[in-house]
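Biologist: I am new to this structure and would like a close look at one part of it. Could you walk me through chain B and the way its strands are put together?

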Amino acid sequence: MLLNTTAQRVGRFGLLAALSLVLGYFDRAIPLTMLLSGAVPGIKLGLANTVLLYGVYMLDWKSCVALMLTKVLLSGFLFGSLSAILYSLAGGVLSLTVMLLIRRRPDWGALAIAVLAALSDAALLWRNPHPGGQLLWCVILIALACVAAAAVFVFIRRNPENGVLGTSLAGAVAHNVGQMLAAVAVLHTPQLLYTYLPVLVGIGAAVGALTGFVARRVFAALKIRTERGD
Amino acid sequence: MRRWWAALLLCLLLGGCAARPAADTADAVTVALDGAAWDGAPVPGEDALRVYVTLDGVPLIDLPFGQPHTVTVTQPDGAENTVALTGEAVSMAHANCDNQDCVEMGEVTRDNLELRVMGGFIICLPHKLAVEVRQ
């Protein structure tokens, strides 16, 4: 599916930007923050990332950057505030960079995320060897995410068409890390890095696996091959 | 083409600068303790745990954990946060920010300090306000 005329490319770009805005609105509407009674603020499903995943495999990197900037700026001005743009921009830039770098070797991405999730779980348990309440649920969730990432690694090794799963995982975790770094830079509270970052990495892996499966189904329906080499 | 990218980058930089308030806004911030303007005097009371309120990384006020108090922080742009200390728990009672994450974060008690995901923190990201309970 090669689109070469300018009109086709402009049309497709507009369609993708609109789709990512609508999905971003759904992200806001789904109250994932209510998970664990508000204990984990600022998390969302990241459905809008499926559009960027399509871009990473089907467009050149410049169009991807333009798509990401359009999405961040428009959704910031429409639904958010100027400070919200700053955080999503930090997340978006880091996530897109990681996805563009990892798209040819998504299995490495999945493996790295599995290791990172295991490390974050270990960090949480090290901080509190007898977790209870919110922390216990987070430890369980991150352990599940670690298993999911390891499973994705095996899936990709068996069938390269599952590559988008690994890219999605790496992108979601990078997005969370980028936002976290921006927040820490604004608040000047580096202590948050060792209390909250492990949780965000684990939840990013869990959410990234979910959106990865969505993107995988979309790619299968559109007959997009992720192992294409060019 | 390259010029457009440079222009876009510049716009983003300017936007980023606009999103940040001036560095010395901490002077224009008013802190009210129990409904009256706070004069800056240390809040009396001894407790192993203390509550630290910081704005944009600048310490505003710190209080002993175990006494009932209400702290209201008002910023020049109208941003307002009310931190409630009941003696057993600390929580963000009210905030006029757009996402209300800080209010929904719940309370910090002596028992859940180690079990909360955020540890002893309650954070209002849009207002750059951090409340931390620590020793």
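**A walk through chain B**

Modeller: Gladly! Of the 135 residues of chain B, 25% count as buried. Please keep in mind that this is a predicted model, with an ipTM of 0.73 and a pTM of 0.83. In chain B the pLDDT averages 81, and 83% of the residues score at least 70. Confidence within the chain is lowest in helix H1 (residues 2-19) of chain B, where the mean is 63, and highest in strand S6 (residues 80-85) of chain B, where it is 92.

Let's start with the overall layout. Chain B contains two helices and ten strands. If you follow the sequence, the elements come in the pattern α-β-β-β-β-β-β-β-α-β-β-β. Among the contacts in chain B between residues at least 6 apart in sequence, 41% join residues at least 24 apart.

Now to the sheets. One open sheet is built from six strands of chain B, in the order S2-S1-S5-S6-S7-S8, with antiparallel pairing. At its edges are strand S2 (36-37) and strand S8 (108-109) of chain B, each of which pairs on one side only.

Strand S1 (residues 30-33) and strand S5 (residues 69-74) of chain B are antiparallel and share four bridges. Here you can find Thr30(B) opposite Thr74(B) in S5(B). Moving on, S5(B) is joined to S6(B) by six bridges, again in the antiparallel sense. In this pair, Val73(B) stands opposite Asn81(B) in S6(B). S5(B) and S6(B) form a hairpin with five residues between the strands, and in this hairpin Gly78(B) takes a positive phi near 95°.

The next step leads from S6(B) to strand S7 (residues 89-95) of chain B, an antiparallel pair with five bridges.

One residue pair to look for is Leu55(B) with its bridge partner Leu129(B) in S10(B).

Finally, a look at the neighbouring chain. The contact between the chains takes 28 residues from chain A and 23 residues from chain B. On chain A, helix H4 (82-102), helix H6 (133-158), H7 and helix H8 (191-222) each supply at least two residues of the side that touches chain B. That side of chain A has 15 nonpolar, 13 polar and no charged residues.

One of these helices, H7 (residues 163-187) of chain A, has 25 residues and reaches 37 Å from its first C-alpha to its last, close to the 36 Å expected at 1.5 Å a residue. H7(A) is mostly covered, with 21 of its 25 residues buried. Just after H7(A) comes His188(A), which takes a positive phi of about 55°.

How values were computed:
Residues are numbered from 1 along each chain as its sequence is written. Chains are lettered from A and ligands numbered from 1 in the order in which they are written. This is a predicted model: local features need pLDDT of at least 70, side-chain atom pairs count only at pLDDT 80 or more; totals for chains, interfaces and linings use all residues. pLDDT is the predictor's confidence in each residue, from 0 to 100. The expected span of a helix is 1.5 Å times one less than its number of residues. A residue is buried if 20 or more other C-beta atoms lie within 10 Å of its own, exposed if 12 or fewer, and partly exposed in between; C-beta atoms are placed from the backbone. Two residues are in contact if their C-beta atoms, placed from the backbone, lie within 7 Å. Two strands pair if DSSP finds at least two bridges between them. Ala, Val, Leu, Ile, Met, Phe, Trp, Tyr, Cys and Pro count as nonpolar, Asp, Glu, Lys and Arg as charged, and the others, Gly among them, as polar.
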